[in-house]
Amino acid sequence: MGKLIAKPSLREQVETSDRLMGIAHKYRFRYAELGRERISRFWEGGQRPRKIVISPALGLREFGANPVSGDLPGDAFTVTCREGMTLDSVGEAALFHALHNLGVRRLECHGRGADRTEARDSTLRAMDSFPVWGQIKKIARECGLGLGFKQGKKTVGVHSYYYYFHDDYFGEKWAVINEDNAHSIRKPAGGIVDSVPDALIIECSDARVMGKQIFEGIDIALVSNWGNVLSEVALDAIEALVKEGLPAVVILGHNRCDAIYAAIEGSTEERFEPLMRMLEANLAGSEMNSRSLAAVRNINSCVDMLSGDKKAKGAGSHRIRRVARMMEGRGTIAFSLYADLSSGIIMSFPVEPNWWKD
Ligand SMILES: [Zn+2]
């Protein structure tokens with residue numbers, strides 16, 4: 001049994017969502033600081049991330065690690081893996097998209113390791129202790145690429161990987177960091193976080209969407225997957241945190257989403273199949289003549305499912321229904337937000353239809 005947590009009152013729930021939305025709505029000022037050139041490049045040219053970042057949603061919280069610290073919107077295509085450092089089928093689709101369609105050739109992996117021995121003995125042994133490497137190699141091969149420390153035309157370069165572990169000797173929490181193949185040990189920059197986050201954000205892997213920046217100043221946990229869907233990894237995180245008393249789940253969508261476009265265009269790419277099935281269920285019955293409306297429908301379908309709406313498409317999944325019941329029992333709210341990449345305006349619903357842009 002989990003800890004006994006008092007269910008929040010309706011008033012507390014409203015205050016939680018007001019607070020989160022209030023912060024998100026201010027994001028446009030910081031987004032504008034990126035400059036007109038960068039923003040119009042985002043808007044006109046689509047995402048062109050420099051690197052792929054793979055990390056678990058919760059496993060690094062206790063180290064205070066932020067895998068995208070120092071990155072700007074547009075830099076990092078982020079994929080959240082399972083706590084055990086493997087990708088689910090939606091994560092595999094995301095990685096394939098980044099390597100195959102977006103042509104990203106740099107990769108970074110942040111994970112929690114068992115102890116310092118593996119990391120100290122050998123860089124490669126530490127790397128191999130992340131089961132996700134096997135998946136990355138396989139998907140890279142499917143894209144006609146190798147995996148190595150050097151980045152080349154035909155290679156995915158392992159830019160750096162971060163291996164976090166507890167160090168009993170120092171009685172502290174340390175990270176082993178491998179950067180450009182140099183081996184070093186240092187203390188993580190962040191402070192130790194062991195409280196329940198104020199919200200869990202389910203965002204798109206898209207490099208232009210950065211939940212960490214949108215909710216700056218708030219303690220959030222983050223799941224990034226391609227198309228911001230209720231993937232296995234997303235449901236794992238919701239379940240784990242709701243048990244601890246998580247106040248809110250936010251589904252964060254955006255316009256010009258590659259995943260939504262792939263679903264609308266009926267992509268037949270084999271790697272995308274499990275994701276396409278999810279998106280098609282979420283989008284069923286929506287007007288497909290507007291891609292932005294489809295993106296809005298996608299996030300609202302996820303919220304409907306988490307709110308236990310029996311009419312919601314895809315709500316037939318046994319696991320989603322169980323998670324929805326759990327959220328209701330604990331008083332965890334779910335709502336959607338939508339990022340307009342042309343302005344950095346984060347919208348909540350209902351909004352005026354003329355806000356929607358294609
Ligand atoms: Zn997207």
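In the predicted model, Ser55 lies opposite Thr80 of strand β2. The pair belongs to the pairing of β1 (residues 51-56) with β2, which run parallel and are joined by six bridges. Strand β2 spans residues 76-81 and is mostly covered, with six of its six residues buried. Cover is found on both faces. Ala76, Thr78 and Thr80 are buried on one side, and Phe77, Val79 and Cys81 are buried on the other.

The protein chain contains 13 helices and twelve strands. Of its 358 residues, 44% count as buried. The largest nonpolar core has 101 residues. Leu200 and Val250 have the most contacts inside this core. Beyond its neighbours within four places in sequence, Leu200 is in contact with Ala221, Val223, Ala237, Ile238, Leu241, Leu246 and Val249.

Five strands form an open sheet in the order β9-β8-β10-β11-β12, and the pairing is mixed. Strands β9 (220-225) and β12 (345-347) each have a single partner strand and stand at the edges, so one side of each lacks a neighbour in the sheet. On average, neighbouring strands of this sheet are turned by 25° against each other, direction ignored. Strand β11 (residues 333-340) pairs with β12 in the antiparallel sense, over three bridges. Within this pairing, Ala339 has Ile346 of β12 as its bridge partner. Helix α1 (residues 10-25) packs on the sheet. It touches β8 (199-204), β10 (248-254), β11 and β12. The direction of α1 makes about 15° with that of β11.

Trp43 is located in helix α3 (residues 36-45). With 16 other C-beta atoms within 10 Å, Trp43 is partly exposed, because a residue counts as buried at 20 or more and as exposed at 12 or fewer. Leaving aside neighbours within four places in sequence, Trp43 is in contact with Leu341 and Ser342. Asp340 is 297 residues from Trp43 along the chain, yet their C-alpha atoms are separated by 9.4 Å.

Helix α9 (residues 232-244) has 13 residues. From first C-alpha to last, α9 reaches 19 Å, close to the 18 Å expected at 1.5 Å a residue. Buried positions in α9 are Val233, Ala234, Asp236, Ala237, Ile238, Leu241 and Val242. Just after α9, Gly245 adopts a positive phi of about 105°.

A helix pair is described by the angle and the distance between the two axes. Helices α11 (residues 273-283) and α12 (residues 291-306) pack at an angle of about 95°, and their axes are 8 Å apart. The two helices are therefore roughly perpendicular to each other. On the α11 side, the contact is made by Leu279, Asn282 and Leu283. On the α12 side, Ala294, Arg297, Asn298, Ser301 and Cys302 take part.

Key. Residues numbered from 1 in each chain as written. Predicted model: local features only at pLDDT ≥ 70, side-chain atom pairs only at ≥ 80, totals over all residues. Helix = DSSP H or I, 4+ residues; strand = E, 2+ residues; numbered from the N terminus. Pairing = 2+ DSSP bridges. Core = buried A, V, L, I, M, F, W, Y, C linked by C-beta atoms within 7 Å. Contact = placed C-beta atoms within 7 Å. Axes fitted to C-alpha atoms, helices over the stretch in contact; angles between N-to-C directions. Expected span 1.5 Å × (residues − 1). Parallel < 35°, antiparallel > 145°, perpendicular 65-115°, else oblique.
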